[in-house]
Amino acid sequence: MTAVGIDAIEIWTGKLALDLAETFAPAKDENPEKYTKGLGLEVSSFPDTYEDIVTMGANAAKRLMDRTGLEPDDIGRIDVATESAFDNSKPVSTYIAGCLEDVYDGDFHHANKGERKFACVAGTQSIDDAYNWIKAGRNRGRAALVIATDTALYARGDPGEATQGAGAVAMLVDEDPSVVELSTDQGYGSADETDFLKPNQQFPSVDGKRSVQVYLARMREALEDFESVAGRTHPDDYAYIPFHTPFPGMVRKAALLGFRHMTRDTEIEDGLADEIGRQPREADFEDWDAYEDAIREYMDALKETDTYDTWYARAIDPTLTLSRQVGNWYTGSIHVARASALKTAAETGRALSGEKLLLGSYGSGAQAEIHSETVVDGWREEVEAFDIDEQLSRRYDLSFEEYGRVHDAHNHEKERELEEFTVPSGEFVFTGWGRMNERKYEYVD
Ligand code: CAA
């Protein structure tokens with residue numbers, strides 16, 4: 001059976017930076033540690049005035065095509081996942097294809113293009129679509145370009161404001177991949193929820209506290225569903241467990257729940273019994289509240305153990321390094337988490353070929369998907385080609401007053417007249433609107 005999976009990855013960050021501890025916290029009169037320790041975020045990436053979901057997606061895709069030597073004819077499918085779309089009819093993938101056709105010979109006239117929407121889980125769903133398309137034998141030897149691109153902006157003053165971010169991840173899904181092979185094992189947790197939504201509005205309506213609970217509930221459901229097809233999961237089975245990361249503090253909560261679930265009735269639970277007791281079992285309690293109190297107590301003790309700490313440092317923390325520096329990229333977030341883990345492995349000389357990853361994707365509204373992947377030979381060269389560190393260090397550091405003006409410049413309801421903060425070079429830029437209110441782009445050498 002032909003292996004199908006992710007063959008190449010490129011990341012493009014918004015070119016502005018908002019420092020949460022140095023700039024955002026003082027302006028909000030908040031303790032910086034609420035952001036750096038509580039949420040686990042240092043900096044948010046922001047789009048410059050000439051950037052948007054199309055430019056970031058097209059720039060990531062161009063870098064990917066240039067590096068891998070792909071021509072438009074090699075691509076049979078372009079799917080864009082976003083929750084920041086500005087058009088209810090014309091998909092972002094057509095704009096991105098148009099940008100790319102301006103700089104390559106050939107075109108994408110025979111590529112199937114679309115746009116996937118289910119909040120942040122849509123990036124993973126697009127990969128699933130590409131996988132199914134190739135496995136069904138409909139790809140005619142061609143690869144799929146999947147682009148997750150978002151400007152994750154919240155209304156000024158919303159509690160989510162600290163978790164903003166902007167960037168794109170382009171991924172090539174192909175036969176005989178060079179980064180990870182996907183498996184057919186998947187689990188879903190999906191329900192009609194009202195936690196985070198954008199009913200025809202640019203900035204989200206968010207019930208922040210509830211969204212955290214819904215994330216955890218759906219993720220747990222997805223893990224149980226995954227285990228029903230793939231068998232019991234065990235913490236030692238996976239080199240890394242990247243989660244959707246709206247902010248690292250969210251992953252801290254999900255990882256603890258996941259670890260408790262995976263270690264139940266294992267030698268790890270036995271080994272911890274002397275130190276913190278055994279996990280509470282519902283059958284041992286007369287009422288639900290007492291059971292929940294016991295679980296909370298067990299979890300509080302569990303997170304202080306060396307066993308948990310060592311696992312978290314190995315399997316979870318490396319997935320969060322980039323997220324701390326860029327904030328939430330919605331559809332791209334879990335793919336940034338995967339990239340972050342692989343990058344850490346490359347930097348620390350870790351052997352990873354043949355090792356498994358377990359991915360926990362999530363989209364509000366709400367759906368979680370758990371699936372596993374196997375890292376394949378070639379991953380190290382792919383990951384060593386990332387230039388994300390240079391991109392991050394080149395970002396323009398916004399003052400709070402500048403941040404306010406950039407936020408306004410990206411507000412669809414306000415006039416945008418702001419000068420750019422950075423000088424575009426070798427990239428696609430937004431240049432204004434055309435006669436039918438379409439957006440216009442050009443490539444700047
Ligand atoms: N030092 C250390 N920690 C501190 C601190 C300090 N001085 N001050 C506060 N903290 C901690 C708090 O204890 C809290 O941690 P715990 O949750 O572990 O207790 C953390 O910092 C955040 O503090 P608050 O809960 O007081 O923060 P908040 O209410 O202002 O905002 C939020 C939190 C509601 C999640 C908000 O960020 C939000 O609305 N975010 C957008 C929605 C979101 O991202 N939800 C996540 C799940 S939904 C999803 O994943 C989809 C998506 O991408 C949007």
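Colleague: Let me start with one side chain and its surroundings: which residues does Asn-328 touch, not counting residues up to four places away in sequence?

Modeller: Keep in mind that this is a predicted model. Leaving out residues up to four places away in sequence, Asn-328 touches Ala-152, Tyr-154, Thr-163, Gln-164, Gly-165, Ala-166, His-244, Thr-245, Pro-246 and Ser-333.

Colleague: Where does Asn-328 sit in the fold?

Modeller: Look for the elements on either side: Asn-328 lies in the loop between helix H11 (321-326) and helix H12 (333-347).

Colleague: And why does Asn-328 count as buried?

Modeller: Buried means under 20% relative accessible area. Asn-328 has 2% relative accessibility, so it counts as buried.

Colleague: Now a wider view. Which residues does UniProt list for the C-terminal domain?

Modeller: An unreviewed UniProt entry gives residues 195-408 as "domain: Hydroxymethylglutaryl-coenzyme A synthase C-terminal". Over residues 195-408 the chain is 55% helix and 11% strand, with the end C-alpha atoms 25 Å apart.

Colleague: How do strands S11 and S12 pair?

Modeller: Check the direction, then the bridges: S11 and S12 (residues 367-375) run antiparallel over eight bridges. For instance, Leu-358 stands opposite Ser-372 in S12. The two strands form a hairpin with three residues between them, and Gly-365 in the turn has a positive phi of about 110 degrees.

Colleague: Is strand S11 mostly covered or exposed?

Modeller: Mostly covered: seven of the eight residues in S11 (residues 356-363) are buried.

Definitions and conventions: Residues are numbered from 1 along each chain as its sequence is written. This is a predicted model: local features need pLDDT of at least 70, side-chain atom pairs count only at pLDDT 80 or more; totals for chains, interfaces and linings use all residues. Side-chain values use heavy atoms; hydrogens and water are left out. Helices (H or I, at least four residues) and strands (E, at least two) are DSSP runs, numbered from the N terminus. Buried means under 20% relative accessible area, exposed over 50%, partly exposed in between (1.4 Å probe, protein chains only). Contact means heavy atoms within 4.5 Å. UniProt positions are given in the numbering used here, feature names are shortened, and annotations may be inferred rather than shown by experiment. Two strands pair if DSSP finds at least two bridges between them.
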